[in-house]
Every structure is written in C-alpha cells, then in structure tokens.
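Dear colleague,

I am passing on the structure that I said I would send, and below it you will find my notes on what turned up. Please read them with the structure open beside you.

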Amino acid sequence: QLQLVESGGGLVQPGGSLRLSCAASGGTLNYYAVGWFRQAPGRARERVSCISSGDESTYYQDSVKGRFTISRDNAKNTVYLQLNSLKPEDTAVYYCAASPNCGYEDYWGQGTQVTVSL
C-alpha cells in the first residue's frame, strides 16, 4: 500500500521560503496525481495545489498562484511544493495526498507544520 511522508515544514518569517517534500514508499508515485492540502486551526482543510500523473498538468488555488510551485522527481519518488513569498495566512498543517486523479484523495500523509511569523 502506498505510504506518504511529508517533510520540510518549519517556522519562517513573512516573505521567506520553504520546500515541502512528499516522499512515497510501497508504490510508484508517478502513477498517481498528488495534491497538497492545508488546514489552519479552526478552518476546513483546503486544496492548495495538485499535479496530475501523465501530462503533469498542475492546479493552484488562487491565493497561492505565483508563489507556490508543485513539481515531481520521479527518480526520488517524491513530489515537492516550493513555497515562496510566504504570508502569515499560509500558516497551517500541510498534507499531501495521492489518487488516480486530482480531486480524489486515496492516500494521505501525516502532515507537516508551516508557521509564518515574525
């Protein structure tokens, strides 16, 4: 069964950058669409970005367009989310999820905390 592990979160000042990683085991991640989600305290979980399998088309939530970039490294069985120009409102636990297509989430990681603060 596919297992996902996120890493790369941390505390960063506004305007800073982080790179989140979603590493897979038990399966080949490039066969799956992979989405990044986030959940802030008291708020519903929301999809931030997704990269499809095959043509690797990408989706971004409007609030992160131009700041976040999703990518794959198939040799490392890993999907990344580059977070630039971070804002306090980006503070959340970030999760990755894999599925046959973006919009369906079959496998989840445990999450990584991103905190944007002075």
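For the aromatic residues, the rings of Phe, Tyr and Trp (for Trp its six-membered ring) are taken to pair if their centres lie within 6.5 Å, and planes under 30 degrees apart count as stacked, over 60 as edge-to-face and the rest as tilted. By that rule, Phe37, Tyr95 and Trp108 form one aromatic cluster.

Before the details, please note that this is a predicted model, in which local features need pLDDT of at least 70 and side-chain atom pairs count only at pLDDT 80 or more, whereas totals for chains, interfaces and linings use all residues. Residues are numbered from 1 along each chain as its sequence is written, and side-chain values use heavy atoms, with hydrogens and water left out.

Aromatic residues

Searching the whole structure gives three aromatic pairs. One of them joins Tyr32 and Tyr107, and this pair is edge-to-face because the ring centres are 5.9 Å apart and the planes stand at 90°. Since Tyr32 belongs to the loop between strand E3 (18-25) and strand E4 (33-39), and Tyr107 to strand E10 (residues 107-108), the pair ties together parts that are 75 residues apart in sequence; strands (E, at least two residues) and helices (H or I, at least four) are DSSP runs numbered from the N terminus. Tyr107 is partly exposed, at a relative accessible area of 22%, where buried means under 20%, exposed over 50% and partly exposed in between (1.4 Å probe, protein chains only).

Tyr95 and Trp108 make another edge-to-face pair, with 6.4 Å from centre to centre and 80° between the planes. This pair also links distant parts of the chain, with Tyr95 in strand E9 (residues 92-99) and Trp108 in strand E10, 13 residues apart. Tyr95 counts as buried, with a relative accessibility of 18%, while Trp108 counts as partly exposed at 30%.

Arg19 lies over the face of Tyr80 at 4.1 Å from the ring centre, and Arg47 lies over the face of Tyr59 at 5.0 Å.

The four-stranded sheet

An open sheet holds four strands in the order E1-E3-E8-E7, with antiparallel pairing, two strands being paired if DSSP finds at least two bridges between them. Its edges are strand E1 (3-7) and strand E7 (68-73), each of which pairs on one side only. On average, neighbouring strands of the sheet are turned by 15° against each other, direction ignored.

E1 and E3 run antiparallel and are joined by five bridges, with Ser7 standing opposite Ser21 in E3. At the other end of the order, E7 and E8 pair in the antiparallel sense over six bridges, and here Ile70 stands opposite Leu81 in E8. The covered face of E7 carries Phe68, Ile70 and Arg72, and its uncovered face Thr69, Ser71 and Asp73.

E7 and E8 form a hairpin with four residues between them, and in the turn Asn77 has a positive phi of about 55°, although it is not a glycine. Asn77 counts as buried at 15% relative accessibility. Thr78 lies in strand E8 (residues 78-83) and counts as buried at 8%. Its side chain reaches the backbone oxygen of Lys76 at 2.7 Å, which falls under the rule for a polar contact (N or O atoms within 3.5 Å, one able to donate a hydrogen and the other to accept it, with residues adjacent in sequence counted only if both atoms are side-chain atoms).

The loop between E5 and E6

Ser52 sits in the loop between strand E5 (46-51) and strand E6 (58-60) and counts as buried at 13% relative accessibility. Leaving out residues up to four places away in sequence, Ser52 touches Tyr32, Ala33, Ser57, Arg72 and Cys102, contact meaning heavy atoms within 4.5 Å. A polar atom of the Ser52 side chain lies 3.4 Å from the backbone nitrogen of Glu56. Glu56, in the loop between E5 and E6, has a positive phi of about 55° although it is not a glycine, and counts as partly exposed at 35% relative accessibility.

Terms used. Lys NZ or Arg CZ within 6 Å of the ring centre and 35° of its normal. Axes fitted to C-alpha atoms, helices over the stretch in contact; angles between N-to-C directions.
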